[in-house]
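Please find below a colleague's note on the structure shown here.

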Amino acid sequence: MAEHRAATGGPDLFRAAAALALAPAALAPAVSDPSHRVLVGDDDSAVLLRRQWTPEGIAEAVLLAATGIGPDTPAVLATAAAWGCDRVRDRPGGRGVVPVPIPGPDAPTARRFLHLAALAATRVETAVALARGSGEDRVKPDGSPSVAADEAAHLASAEVLGVLGLPVLSEERTDRQVPEDSPWVVLDPLDGTGNFRAGLPPWAFSAGLVHAGRPVAGVVVDLSSGRRWEADGADARRDGVPVRPRPGSTVVVPSAPSGDAVRVPATVRRVRVTGCTAVELCLVADGSAAAWHDLDRSGAHVHDVAGGLAVLVAAGGVALTPDGHDIRLRPDTEGLIRFVAAGSREVAEELLRAFG
């Protein structure tokens with residue numbers, strides 16, 4: 001059986017265009033549009049997929065054009081699963097529908113988590129849109145904003161992830177007791193609430209699977225754009241394409257510093273704030289930024305960082321505490337964590353030295 005991969009640029013697009021009898025320009029937007037995907041095989045097979053909603057409100061992947069690939073092809077089903085879709089349709093308006101298989105209880109926990117977290121992100125995507133403009137804005141005890149969409153997002157995601165049978169911790173609930181030898185799930189159903197309320201991207205769904213203090217799998221979905229990052233411990237992907245950190249001169253930080261100046265190494269040329277920690281950590285994982293830190297701030301919560309850290313570590317990055325140790329996560333959504341995340345230990349240690 002042919003192997004299929006997500007197209008990432010010109011050579012893949014030209015091959016897919018030839019197989020599908022389409023102009024390469026017709027496929028080009030799929031490289032940057034997270035709701036579309038071009039898959040190419042080593043046997044001149046190809047498919048153009050789109051994520052869409054049915055009139056009944058079901059998320060599905062539809063084959064817009066295909067050669068040698070059907071709705072039940074493993075790569076198509078895997079793409080639909082990562083999109084949080086329930087099924088695949090054989091063509092626009094077609095009646096041929098293939099359900100996306102759900103990993104059974106005997107499947108590895110990380111695999112089950114990734115599938116359910118993607119579904120949870122889809123449920124949150126719907127819930128926060130329907131909750132927008134309803135309820136009353138308020139301020140949480142830590143000073144961060146809360147909107148009706150926060151609660152809607154929690155209810156939508158916790159119900160789906162509860163199927164795992166593991167403790168599920170959330171920003172929106174009091175912590176549950178976690179047995180010492182048990183893996184646990186921690187989620188931020190709507191990271192970047194302030195951005196969401198202002199209509200300023202990004203805002204995201206974030207979920208992490210943690211075991212023995214290590215983030216072993218994670219899913220982060222930028223709900224404002226559709227970009228998706230996922231990791232299962234050994235592999236990190238953005239929109240279906242493997243990612244790795246890379247050297248750079250941009251540092252992302254979660255908020256304005258408490259002091260009068262931003263202290264950064266001399267090698268850094270840009271400091272950026274997105275207001276969404278989960279996405280910021282993923283930007284380090286995929287090489288868009290060189291590092292992230294909250295060393296001159298109060299710190300982050302475990303639900304803010306677990307999903308993004310799983311992506312970062314799987315991509316080959318590191319996260320160090322102020323004393324230079326690898327970060328360990330605890331099932332405590334009230335506590336604060338201060339650390340630096342980077343593509344390499346050398347860059348992380350350089351940031352630590354900059355803060356003395």
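1. A residue is called buried when its relative accessible area is under 20%, exposed when that area is over 50%, and partly exposed in between. The model under discussion is a predicted one, and the remarks that follow should be read accordingly.

2. Helix α1 spans residues 10-20, and its buried residues are D12, L13, A16, A17 and L20. Viewed down the axis of α1, these buried residues fall within an arc of 130 degrees, so they line one face of the helix. On the other side of α1, the residues P11, F14 and A18 are exposed.

3. After α1 comes A21, which has a positive phi, near 60 degrees.

4. How many of the nine residues of strand β12 are buried? Eight of them are, and the strand, residues 214-222, is thus mostly covered.

5. On one side, β12 pairs with strand β11 (residues 204-211) in the antiparallel sense, over eight bridges. Within this pairing, D222 of β12 stands opposite A204. The hairpin of β11 and β12 has two residues between the strands, and A212 in this hairpin takes a positive phi near 55 degrees.

6. The pairing of β12 with strand β13 (residues 228-231) is likewise antiparallel and runs over four bridges. Here R228 in β13 stands opposite V221. These two strands form a hairpin with five residues between them, and in its turn G226 has a positive phi of about 95 degrees.

7. Which strand pairs with β15 in the antiparallel sense over two bridges? The partner is strand β14, residues 236-238. In β15, V241 is the bridge partner of R238.

Technical notes. Residues are numbered from 1 along each chain as its sequence is written. This is a predicted model: local features need pLDDT of at least 70, side-chain atom pairs count only at pLDDT 80 or more; totals for chains, interfaces and linings use all residues. Side-chain values use heavy atoms; hydrogens and water are left out. Buried means under 20% relative accessible area, exposed over 50%, partly exposed in between (1.4 Å probe, protein chains only). Two strands pair if DSSP finds at least two bridges between them. The arc is that of the directions from the helix axis to the C-beta atoms.
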